[in-house]
Amino acid sequence: MTDNNIFIRVGTNIVEMKRIRRAARNPKFLANYFSADEIRYLVSRKLSTELIAENYCAKIAFAKAIGTGFRIIRPQEITVLRDRIGSPFIITTGRAKMLEERERYVFNLSVAHCKDYATATVVINRE
């Protein structure tokens with residue numbers, strides 16, 4: 001029996017809530033880091049600091065996992081949304097999508113937060 005889903009890389013990040021609370025007051029922060037779909041989702045959730053922090057962490061973790069940081073892709077090319085039961089998932093566009101398709105990557109995302117911190121981990125497997 002062979003396992004077709006081969007582990008490739010992992011990335012993780014943690015951020016202080018107070019840093020995100022300050023940054024989120026600046027509309028440029030949202031525009032520079034989040035896609036239009038994400039901003040709509042965050043606005044529908046009353047710009048929850050916890051969600052903003054989790055999504056921000058997910059983007060950094062994603063950039064670490066693919067190994068390029070934001071030299072090749074932009075944060076807005078990584079959209080983090082939630083399904084009906086609240087599980088986060090990643091949608092890519094632009095160069096991030098090209099990389100995903102070329103390398104046959106599958107992204108797995110886990111996010112969490114507490115009073116003072118948010119964290120995210122991205123595991124990349126290959127189809």
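Predicted model: local features only at pLDDT ≥ 70, side-chain atom pairs only at ≥ 80, totals over all residues.
How many positive and negative side chains does the chain have, and how far apart do the centres of the two sets lie? I found 22 positive and 13 negative side chains, with the two centres 7 Å apart. Here Lys and Arg count as positive and Asp and Glu as negative, leaving out His and the chain ends; each charge is placed at NZ of Lys, CZ of Arg, CG of Asp or CD of Glu.

Residues are numbered from 1 along each chain as its sequence is written, and side-chain values use heavy atoms, without hydrogens and water.

Next I looked up burial. Buried residues (under 20% relative accessible area, 1.4 Å probe, protein chains only) make up 43% of the 127 residues.

Then I turned to the rings. My search of the whole structure gave six aromatic pairs (Phe, Tyr or Trp ring centres within 6.5 Å, using the six-membered ring of Trp; planes under 30 degrees apart are stacked, over 60 edge-to-face, the rest tilted). One of them joins Phe 29 and Phe 34 edge-to-face, at 5.7 Å centre to centre and 75° between the planes. Phe 29 also pairs with Tyr 56, this time tilted, at 5.8 Å and 45°. That pair links distant parts of the chain, from helix α2 (residues 27-33) to helix α4 (residues 49-66), 27 residues apart; helices are DSSP runs of H or I, at least four residues, numbered from the N terminus.

With Tyr 33 they form one aromatic cluster.

Conventions:
Buried < 20%, exposed > 50% of the residue type's maximum accessible area, 1.4 Å probe, protein only. Helix = DSSP H or I, 4+ residues; strand = E, 2+ residues; numbered from the N terminus.
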